[in-house]
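Have a go at each task before you read its solution.

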Amino acid sequence: MVYWEKEGKENTWETIKAAIKFAEDKGISFIVVASSSGATAEKFIGCDKKVVCVTYQAGFREPGQASMEKEVKERLQQANIEVLSTTHLMAGLDRALRFKFQGVYPSEMMAATLRMFGQGVKVCVEVAGMALDAGLIPYGEEIVVVAGSGKGADTALSLVPAHSQHFFETKIKEIICKPREFEHH
């Protein structure tokens, strides 16, 4: 396990190298990467693993607008990287309730608990479940997941995700790397 001094995009290349090496050493076939713009996912092109990029749903930042440029998505797909654009597992309708009525809802409490380990850990668990629910990774198989605390990547985990309706069956196997110092997002 590697601890980065602090969170941030300056850890991206080392996080990616650590994730790929871990997957190679453990014989893990699938890597899921959180990437809003696709820039982090593009760094996995040619890595010899089955890569799934999970990005924001359309309308996350601006109504009707995708967060990933069409050309970037096409480039990833041409490189055999699956791209999933969907609603955040730990947001969705609970976030809509919070926006409308205020308050805190169960999935937001779960997300806040995971953030105690850093934003990247929360995102890793979340996007792995999203990729599994979409049928882009195999059920019951250990995968490597890469995420960050904003831009780039600073966290990698190995885990066995569960479908969203069985979320608490998710098994975090190992923390490959994460920032030691981080903000609560």
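**Exercise 1. Work out where K50 sits, how exposed it is and what it touches.**

Step 1: K50 belongs to strand 3, residues 50-55; helices (H or I, at least four residues) and strands (E, at least two) are DSSP runs, numbered from the N terminus. This is a predicted model, where local features need pLDDT of at least 70 and side-chain atom pairs count only at pLDDT 80 or more, while totals for chains, interfaces and linings use all residues. Residues are numbered from 1 along each chain as its sequence is written, and side-chain values use heavy atoms, with hydrogens and water left out.

Step 2: K50 has 48% relative accessibility, so it counts as partly exposed. The cut-offs are under 20% relative accessible area for buried, over 50% for exposed, and partly exposed in between (1.4 Å probe, protein chains only).

Step 3: Setting aside neighbours within four places in sequence, K50 is in contact with S29, F30 and I31, where contact means heavy atoms within 4.5 Å. Take I28 as well: K50 and I28 are 22 residues apart in sequence, and their C-alpha atoms are 9.4 Å apart in space.

**Exercise 2. Describe how helix 4 and helix 5 pack, and say which residues make the contact.**

Step 1: Two packed helices are described by the angle between their axes and the distance between the axes. For helix 4 (residues 92-101) and helix 5 (residues 106-114), the angle is about 105° and the axes are 8 Å apart. Axes here are lines fitted to C-alpha atoms, for helices over the stretch in contact, and angles run from 0 to 180 degrees between N-to-C directions.

Step 2: Helix 4 and helix 5 are therefore roughly perpendicular. Angles of 65 to 115 degrees get that label, with under 35 roughly parallel, over 145 roughly antiparallel and the rest oblique.

Step 3: Helix 4 brings D94, R95 and R98 to the contact, and helix 5 brings P106, S107 and E108. By class that gives 1 nonpolar, 1 polar and 4 charged residues. For the classes, Ala, Val, Leu, Ile, Met, Phe, Trp, Tyr, Cys and Pro are nonpolar, Asp, Glu, Lys and Arg are charged, and the others, Gly among them, are polar.

Step 4: Now look at the loop between the two helices. Q102 is found there, and its phi is near 65°, a positive value in a residue other than glycine. G103 lies in that loop too and is partly exposed, at 42% relative accessible area. Beyond four places in sequence, G103 is in contact with R98 and E108.

**Exercise 3. Find the aromatic pair and classify its geometry.**

Step 1: The structure holds 1 aromatic pair. F167 and F168 have ring centres 5.4 Å apart and planes at 85°, so the pair is edge-to-face. Rings of Phe, Tyr and Trp (its six-membered ring) pair if their centres lie within 6.5 Å; planes under 30 degrees apart are stacked, over 60 edge-to-face and the rest tilted.

Step 2: F167 counts as buried at 14% relative accessibility, whereas F168 counts as exposed at 68%.
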